[in-house]
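Here are my notes on this one, as numbered points. Have the model open while you read.

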Amino acid sequence: MDVKKINLPCAVGKQTVHDTLKRNLKLNEKSITTSYSAEELVELLSRLPAFAPKPVCKFIINGRTLFGKLEQKKKSSLYIRHKFGKKVVQYNIEQLQSVDILKY
């Protein structure tokens, strides 16, 4: 089996082939948090695969600001693991006002 070398720079300093390709892409300027409602964003976060890292989010529930990761969503309940806690806390989904993704 012959391997053919192509004159592509694999790594030039910190610039890689992937970085040069990304620069040419025109991405939509719309943020994921502004294009979805809170309920739709919770639905998308709950459908992340088990091996994917869960993003840290800011939830506003009943006027209270909570930081944490969405662990699970059931019919009318949200289960949120708070940022520095080990317990998962249950909240009612009707009381959810907004969701913002802070760190992915």
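**Strands and core**

1. Strands here (E, at least two residues) and helices (H or I, at least four) are DSSP runs, numbered from the N terminus.

2. A word on provenance: this is a predicted model, where local features need pLDDT of at least 70, side-chain atom pairs count only at pLDDT 80 or more, and totals for chains, interfaces and linings use all residues. Residues are numbered from 1 along each chain as its sequence is written, and side-chain values use heavy atoms, with hydrogens and water left out.

3. E3 and E4 pair in the antiparallel sense over 5 bridges; two strands pair if DSSP finds at least two bridges between them. The hairpin they form has 2 residues between the strands, and asparagine 62 in the turn shows a positive phi of about 55°.

4. On to E5: E4 and E5 are antiparallel too, with 5 bridges. Lysine 69 has arginine 81 of E5 as its bridge partner, and the hairpin joining E4 to E5 runs through 3 residues.

5. Now the largest nonpolar core, with 15 residues. That term covers buried (under 20% relative accessible area, 1.4 Å probe, protein chains only) Ala, Val, Leu, Ile, Met, Phe, Trp, Tyr and Cys residues joined through side-chain atoms within 4.5 Å. Phe59, Ile61, Leu70, Leu96 and Val99 have the most contacts inside this core. H3 (38–46), E3 (56–61), E4 (64–73), E5 (77–82) and E7 (96–103) each supply at least two of its residues, and H3 gives the most, with 4.

6. What does isoleucine 61 touch, leaving aside neighbours within four places in sequence? Its contacts (heavy atoms within 4.5 Å) are Leu66, Ile80, Tyr91, Gln95 and Leu96.

Conventions. Buried means under 20% relative accessible area, exposed over 50%, partly exposed in between (1.4 Å probe, protein chains only).
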